[in-house]
Amino acid sequence: MRLTRNFTYEELCNSNVAERRGINNRPRTKEEEKRVIENLKALCMEVLQPLRDFLGKPVVISSGYRCAELNKAVGGVRNSQHMKGEAADIHVENTEHLLKIMHFIMDETDFDQVIWERNRAGTQWVHVSYKREGVNRHQVMSSS
């Protein structure tokens, strides 16, 4: 299902961890699925598609929607916005690419959170969230 010109529902639910562990990373009820799709569509329309248009090349999502089981498997926080379809982690090529993405999101979109994240191995990514309902907080953080 297409959410915007360049993003699909399947792409935002895809997870290598879920595939490796046999986790069905889809909402469990029709009502939850409808809400998740609406949230993912809003995230794509308000943040991801404008970012894609600005960059002029694909935006690689390493993690979008996560069911509770997958969220636990990847060490996500208990109340992660990923579980609502309100967040995505964006793969970055290098620090320059990461900063370009973060600055665009901060300057040009109505985001909830943008976080410069990295793991112990040094891999970096950008976490971005958008709330379809309520007020977006415009929080900017770093995980280190």
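Two strands pair if DSSP finds at least two bridges between them. Strands (E, at least two residues) and helices (H or I, at least four) are DSSP runs numbered from the N terminus. The model is predicted: local features need pLDDT of at least 70, side-chain atom pairs count only at pLDDT 80 or more, and totals for chains, interfaces and linings use all residues. Residues are numbered from 1 along each chain as its sequence is written, and side-chain values use heavy atoms, without hydrogens or water.

**View 1. Strand 4 between its partners.** Strand 3 (residues 61-63) pairs with strand 4 in the antiparallel sense, over two bridges. Ile61 has Ile90 as its bridge partner; Ser63 has Asp89. Strand 4 and strand 6 also run antiparallel, joined by five bridges. Ala87 stands opposite Ser129 of strand 6.

**View 2. The largest nonpolar core.** Such a core is a set of buried Ala, Val, Leu, Ile, Met, Phe, Trp, Tyr and Cys residues joined through side-chain atoms within 4.5 Å. Buried means under 20% relative accessible area (1.4 Å probe, protein chains only). Of its 36 residues, Leu12, Leu48, Ile90, Ile105 and Val126 touch the most other members. Helix 3 gives the most, 10 residues. Four of the five residues of strand 4 are buried, so this strand is largely enclosed by the rest of the structure.

How values were computed:
Buried < 20%, exposed > 50% of the residue type's maximum accessible area, 1.4 Å probe, protein only.
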